Amino acid sequence: MSDYIIEARNIRKLFGGVVALNGAEFLCPGGKIVGLLGENGSGKTTLSNIIMGNYPATDGELLFKGQKVRFSSPKEAENAGIAMVHQNFSLVPDLTVWENLLLGNEPRGSLGMLDNKQIRVLARQYLDRLCPWLDMNREIRKLLASEQQLVEISKALTRNPEFLILDEPTAALEREEVEILFKLMKDLKKQGISVVFISHRMHEVEEICDYVVVLRNGKTAGTVDLTDPDNVDYDEIVRLITGQRAVEAHKRLATDRELGDVILQAESIGDGENIKDVSFQIRKGEIVGLAGLQGQGQEELMLTLAGYNYIRQGRLNIFEKELRLKHPKNAIAAGMPLVPGNRQTQGLFMGLSVMHNTTFPKNLTKGQPWILPQKKQAAIASKLARDLTLKTDSLSNPVTALSGGNAQKVVVAKWLPIDPKVLLLSDPAKGIDVQSKADLYKLVGEIAMKGTSIFLYASDMNELLHICDRILIMYEGRIVDEVINSEQLDEEILMSKCMQHEGISQEYKATAEHGEQA
Amino acid sequence: MNKLRTARASALKNPVFLPAILLLSLVIINWILQPNLFRPAVFRINILTFSPLILVAAGQAIIMISGNLDLSVGYGVSLINCILASYMVVDPPDPLRNSLVLVLALAAAIAMGIANGVLVGYLKVPSFIGTFASSFVWLGIAIMVRPVPGGAVPRNFTTLFKAHLGPFNVIFLSIIVALIAWYVIRRYRVGRYIYATGSNMEAAYRNGINVKGITLMAFAIGWVFVYLGTLALTAQTRAGDARLGEPFALNSIAAAVIGGIVMGGGRGNPVGAALGAISLSIILNIIYFAGIPTSWQVFVRGVIIILAIGATVFYKRKYD
C-alpha cells in the first residue's frame, strides 16, 4: 500500500507540437500542504489539469490512493475525491452565490425537483467557513474579485475532497483574507485532507507549506522540505525555480535617482463615491507606491487619475496647470497613461501583432498623419523590441504568441513612444512569476531613471517595498498616511499602517456587513 | 421602512419589472386613444390577435437564455401551420385523424427544435448562422406540403380557442398555463442549467453540466412554445400558408429584448418576453387609433420600437 494520496509519475503532455510537460513527477502524502512552484509556463496548471481530468496526459501514470487512475472528465475526478480551484473561475456569473455553490451537484427533493431549501442551508454552511459575512443571494457578477475567489474555494469544499488543488488562490485576495484561507487549509490538513497550493508569492508558500515541489520547463526540478523552518535554504528554492539565473526579487532597487520638481499634484480630489479628499504630490522621476487593505479605493483612484471615472471634487494639477479629465484620452494626452492589471482583457489587443500593440498609443496622439506611416512605425516598434529584449521572431506575430513575462513588458512599454510624464500602474504584476516580475520592475525602474514619474498600486506589499521611494497608505477612500521607503521598513510595519489601529479588521468586517444590508 | 426598501430593491432587480412598466404605459396610451379597450369583447379579441407572438416570443426567450438565437422560428411556424391546414379533414371533421395531425405537428415542432439543438449544441455551428440556414429547410418543406396558400382547419378548432369564461378566453388561459409550466421547469435541473449554460458555457461545463444536452433541451422546450403559438395563429387564419410565419423570426427576438432577455444569454424570463410581445403588438393598436397616415405608420412603429429597446438597454446599464 502506498503512502501517497497522489502519485504522478513521468507525466508528459504535448499540445500540438508544444511540450507543456516532460517528465513531471509529483508525489503528495495524505494530510500535507504541498507548494507547487514554478515560473509562468513551467507546467503547474497543466499538471493540475491532468490530475483533474480536464485533459489526458500524453504519457505517464497517475495513481490516486495507490490505484492507477485516468480521469476522463473533471466530474470523474470529483467523484473520486479530488477538487480544484481554478485560476479562471468556474462560477456562473448570472446565477446567485448559493445557486453556484452546488451547481451540478444539487440535492433533489420531491418529483426530482431541485431542493432549493436544502441547497441554501448547505451553501450557507460551506460559506461560513471562509466568508460568513457574504450575502449569498447576490449574483456572482456583482461580487468583487476577492469575494468570487472565496466563493470558488467554498464551492470546491462542497465536493468534500480528499485532495484539493488551489491554483493561485491568493492572487485576488488581500492579506486578511489570505489569513482566513490559511486557517482553513490548516483545518483541512488536520482532517487528513491534502492541499496543493500554487502561488507566486514566496512568503506565503514559506508560511503555509510543508514542502514544495518545483517545476521548471515542464520537468520536476526538485523538492524542498519546509517542515523545519530554521534549516530551509530559500535561495535553493529560487535557484530551482529559475535555473541558474540569479534573481534579485527580494533586493531593493537602487534609489539614487535625482528627484525633480513636483509634476502631479492632487488637491483633495474625490469621485463622489469611493475616493474622498485625496491629496498628494509626485515629483519628477519619483516612484510612489499606493498601499492599503483590499478595496480601500486604490484601484478607483488609479482609474480616476486615468480619466475613467470623473473627478467630482477637488483639483488635479499637472505641471501646475489644472488637468480636466473627461475621458482616458485626456489623461493620455497629458502624458499620464494607465497600465492596467489584467493584460488579457485590458492591457493588450491579444489578437493583434506586437507592432500594432506597441504603436497604438502613438497613433492616438495629436498631429499624426491620417495614413499611418508603416515604415516609421515598424522602426519604432523594432527599437522598442530591442530595448526590451523581447523574445519573438517577428513583430507581426500576435501578442498571444509571447510568453506572459514578455507580454507584460509590452503592456508597459507600449506607452514609452508617447513620452509619458507620469505612468500609472494598477497591480501590474498580478499573477506573473518571480523572474518576469523582477524583469518588469527592472523596466519600471529604468523608466523612472529617464525622468518619468511612477505611481504604482500593487496588492503585494513586497512589490512596493521593492521599488518605491515613498508609499501612500489608503484607507476607506482617503490617503491616511505616508512613509518613506527605507531598509527599516518591512511588510509587517506597512501592514500595521494599512490596518490603522488595533481591531480595525473587526470594524472593517462590521462595516462590510452593514454595507450588505443597506 | 427597511422592509419597504428591500422590497423596492428586489422589485427593481426583477427582470420582469421594466417590461411590465413599459407595457403599462403603452396600455394607458392605448386606452386613452381607444376608450373601449377593456370591454371584455375587445380585450378578448386583442389577446387572441397577440397570442401567437406572445407564445413564440416566450419560446424564443428560452432559446436566448441558453445563449443562442433561433432565426428559424418564423418558417417553423409556417411549416407547422401548413401541416395543420393540409392534413386535417374538415368536411366532415374526422376527430381521430385530426388529433393525430395535432400530435404530428407537435412532433414536427420538437424535431425542428432538436435539429437546431444538434446543429448548435453538438456541431458547434453558431446559432445565428445555423438557424438562418435551417429556416430555409423548414420553408422548403412547408412549400412542398402546401405549394399555394389554402387548406383548412375544422371550425371547432377555432371555436375552442375563442371559447371564453367572462373576459378570459381559452387562449389567454393557455398562455398563463404555458408560462407557469416554465416556472415548474425552472425548479428542475434543466431550468437552472439552461441559465448556467447561457451565462457562461465554459464555467457550466466545468461544473459537470452537459452543456450540449442542455442546449438541445432549450431548443426543444422553446419549440413547444412555438408550436402552441402556431396553434393560436392557425385558429385565426384557418388556412395554411408557407409564408405566414415570416415576420415571427425577428418580431420574437425584438419582443424578447424588449422583455428584458439579454442577447448574450443567462438572464431574463419568458414572462418578460411575453409582456414584450404584447407591447410590440399594442404599438400597432396605438398607431392605428392615433390616426397616423398610412404612409407614416411603418416609420412611426420603427421609432417607437427603437425607443422601447433603448429604454430597456438604458435601464439595464443603470440599475443592473
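**Notes on strand β3 of chain A and its surroundings**

1. Let's start with one pairing: A:Ile33 has A:Val195 as its bridge partner in β8(A). Keep in mind that this is a predicted model. The two strands, β3(A) and β8 (residues 194-198), run parallel and are joined by four bridges.

2. β3(A) has another neighbour, β9 (residues 211-216) of chain A, and that pairing is also parallel, with four bridges. Here A:Leu37 finds its bridge partner in A:Val214.

3. How many residues of β3 (33-37) in chain A are buried? Five of five, so to speak the whole strand is mostly covered. In a regular strand, side chains alternate between the two faces of the sheet. In β3(A) both faces are covered: A:Ile33, A:Gly35 and A:Leu37 are buried on one side, A:Val34 and A:Leu36 on the other.

4. Stepping back to the chain: chain A has 18 helices and 20 strands, and 43% of its 518 residues count as buried. Its radius of gyration is 24 Å, which agrees with the value near 24 Å for a compact globule, because that is what 518 residues would give. Along the principal axes, the C-alpha atoms fill a box of roughly 70 × 55 × 50 Å. Among contacts with a separation of 6 or more in chain A, 69% link residues 24 or more positions apart.

5. Now for the partner chain: 16 residues of chain B are in contact with 16 residues of chain A. On the chain B side, α9 (189-199) and α10 (201-206) each supply at least two residues, with α9(B) giving the largest share, five residues. That side of chain B divides into six nonpolar, five polar and five charged residues.

Notes:
Residues are numbered from 1 along each chain as its sequence is written. Chains are lettered from A and ligands numbered from 1 in the order in which they are written. This is a predicted model: local features need pLDDT of at least 70, side-chain atom pairs count only at pLDDT 80 or more; totals for chains, interfaces and linings use all residues. The radius of gyration is taken over C-alpha atoms; the globule rule is 2.2 Å times the number of residues to the power 0.38. A residue is buried if 20 or more other C-beta atoms lie within 10 Å of its own, exposed if 12 or fewer, and partly exposed in between; C-beta atoms are placed from the backbone. Two residues are in contact if their C-beta atoms, placed from the backbone, lie within 7 Å. Ala, Val, Leu, Ile, Met, Phe, Trp, Tyr, Cys and Pro count as nonpolar, Asp, Glu, Lys and Arg as charged, and the others, Gly among them, as polar. Two strands pair if DSSP finds at least two bridges between them.
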